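Q: I have a model open and an annotated site to look at. How should I go about reading it?

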Amino acid sequence: MDQTQGYTDFPHQSVTFPEGVALDCGRMLPSVTVAYRTYGTLNEAKSNAILICHALTGDQYVAEQNPETGRPGWWQRVVGPGAPVDTEKYFVICANVLGGCMGSTGPHSPHAEKPGALWGTDFPAITIHDMVRVQKRLIEHLGIQKLFAVVGGSMGGMQALSWAVQFPDMLFAAVPIAAAYYHSAQNIAFHEIGRQAIYADPGFKGGNYWAEGGRPERGLAVARMTAHITYVSEEALNRKFGRKLQNAEGISAFGEQFAVESYLQYQGSSFVQRFDANSYLAITRAMDLFDLSSEQAGELAGAFKGVKARFLLVSFSSDWLFPTAQSRAIARALNHVAANVSFVEVQSDKGHDAFLLDEPDFHATLRGFLNGCAEHAGLS
Amino acid sequence: MSSAKKIRVDLALIAGMVQPRARVLDVGCADGQLVEHLIRAKQCDARGIEIDMDEVQRAIAHGLPVMQGDADTELVTYPDHAFDYVILSRTLQAVEQPREVLRQMLRISTHAIVSFPNFGHWSLRLQLLTRGRMPMTAGWNRMWYETPNIHPCTIKDFFALCDMDGYVVQDWLAADEEGRRTPWRRAPSLANLFGEQGLFLLRKA
């Protein structure tokens with residue numbers, strides 16, 4: 001194994017469930033490891049726990065420096081002492097998703113049936129529901145019967161929805177942010193470009209790159225570049241780069257010309273240092289497979305029958321990946337079952353990524369919602 | 001976020017019509033003042049819908065369950081009998097389809113509480129008679145071409161609509177501009193002349 005593959009060597013805090021987990025695809029994962037971090041203190045009644053669910057390329061280091069990349073926690077603005085998800089008040093849990101590459105079982109974990117090998121492309125197809133089933137094991141392992149809240153943005157929001165639907169008695173509140181109840185054809189199409197870029201990289205070697213110590217860096221970088229465009233708005237890109245030139249020495253058809261190009265290339269190259277290509281393939285597929293209404297003949301409201309959680313749905317006005325219409329559709333379907341729903345669209349020109357950025361209105365909304373819920377749950 | 005605060009007079013009148021611990025939806029709830037009062041002072045399961053995004057944001061940030069939406073399009077998404085009371089305070093005259101909104105309110109709820117500015121008030125009648133222009137008062141203070149109040153009606157008109165659609169007026173009163181109760185209760189014609197607002201508690205026959 002290539003020792004430069006940083007994402008495998010670090011001793012992440014984790015727990016292993018040797019009994020494994022049955023997956024939606026019909027296969028069984030014989031043993032499952034969940035890497036996780038916690039912040040704050042679990043109260044005596046074990047009633048103040050909030051699970052944070054990360055997005056496609058996130059990890060469990062939500063509120064502290066990531067030990068592998070050295071970068072600040074990905075949601076340090078939102079989770080921490082005195083933050084909207086206040087770790088002085090709540091016990092916060094964040095786990096690396098099933099299929100991930102930060103210590104949880106995924107394509108880069110040891111193969112269950114082939115000693116010495118990694119799963120690689122043998123890793124079974126996973127779903128958002130599978131990820132949540134594994135998180136449920138962790139929550140039970142921590143001795144928590146009912147979460148106070150499940151909060152997540154983007155793919156994390158899909159997990160929050162999955163929690164509310166799969167385990168209605170195990171959470172008091174659900175907060176899907178910039179989320180959707182299904183992955184649209186456009187969403188899938190963008191993911192497919194990324195996957196094709198990875199397949200086309202000679203370094204991919206049919207998914208067995210790990211055996212020969214290489215990585216499909218170019219392919220994964222292009223996948224990230226494509227995805228990154230969908231995370232930002234046209235307005236934000238214009239504001240940041242406009243038509244600024246990177247190479248002012250003259251017109252060239254080849255090589256870099258515009259500032260936005262080198263920005264994207266930087267996004268791509270910094271990503272390949274920390275992410276496993278097979279993980280990327282497995283998780284994007286899990287997102288593509290997500291459709292809460294699929295078992296209800298397209299009627300989303302049917303999926304919400306029996307939900308008990310209070311909901312806060314937040315969308316961002318310039319998000320074209322998971323636009324406001326998606327959140328509104330979820331809110332309306334929840335109305336159909338008379339669920340307790342708060343829903344607001346936050347004005348922002350930062351696109352889908354706004355949920356990760358400095359958005360005071362969003363932060364005040366989240367804080368207020370959790371305060372209101374805490375009062376109803378008898379937490380304050 | 002602790003003790004019950006004093007609320008606007010007209011909202012207090014509405015709250016007086018709601019039984020404790022009821023399931024309530026406040027349509028056009030603004031920053032959620034009435035929702036908060038019903039939750040705290042009456043232990044209701046109260047929620048709100050509001051069209052203005054800034055108001056919604058303020059309400060949620062204050063810990064209240066409020067969703068952004070439009071009365072004309074959102075009420076159809078609720079199931080039958082989901083609530084004990086649906087409240088529409090000073091909003092009926094601004095919706096696209098007042099009759100349909102009322103019908104939806106009494107589909108999803110046992111009771112409907114509706115307040116609206118009374119276009120039959122003497123000062124409006126007098127202005128129209130003497131000046132021949134659309135009246136302008138404290139309550140009707142926008143020019144005809146920009147007012148959001150696209151469906152003005154009088155207290156008498158509202159009685160007539162309830163009669164036509166078979167709604168029982170369980171309680172009603174006329175109020176002044178601030179929402180204080182006025183003494184025209186037993187006389188609809190006088191209320192229609194002197195009441196600045198009408199407030200109705202309806203149920204289906």
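A: Start with the record, and keep in mind that this is a predicted model. An unreviewed UniProt entry lists Arg224(A) and Asp353(A) under "binding site".

Q: Which elements of the chain hold Arg224(A) and Asp353(A)?

A: Arg224(A) belongs to helix α5 of chain A, residues 217–231. Asp353(A) sits in the loop of chain A between β12 (341–346) and α11 (360–376).

Q: Is Arg224(A) buried or exposed?

A: A residue counts as buried if 20 or more other C-beta atoms lie within 10 Å of its own. Arg224(A) has 22 other C-beta atoms within 10 Å, so Arg224(A) is buried. Asp353(A) is also buried, because 22 C-beta neighbours lie inside 10 Å.

Q: What about the largest nonpolar core: how many residues does it have?

A: The largest nonpolar core has 171 residues, and those with the most contacts inside it are Ile50(A), Val92(A), Ala149(A) and Ala174(A). At least three residues of this core come from each of domain 1 (6–184 + 290–376) and domain 2 (187–285) of chain A. Beyond its neighbours within four places in sequence, Ala149(A) has contacts including Ile50(A), Leu171(A), Leu370(A) and Cys373(A).

Methods:
Residues numbered from 1 in each chain as written. Chains lettered and ligands numbered in written order. Predicted model: local features only at pLDDT ≥ 70, side-chain atom pairs only at ≥ 80, totals over all residues. Core = buried A, V, L, I, M, F, W, Y, C linked by C-beta atoms within 7 Å. Buried ≥ 20, exposed ≤ 12 C-beta atoms within 10 Å, placed from the backbone. Domains from an automatic or database assignment. Contact = placed C-beta atoms within 7 Å. UniProt positions renumbered as here; feature names shortened; annotations may be inferred. Helix = DSSP H or I, 4+ residues; strand = E, 2+ residues; numbered from the N terminus.
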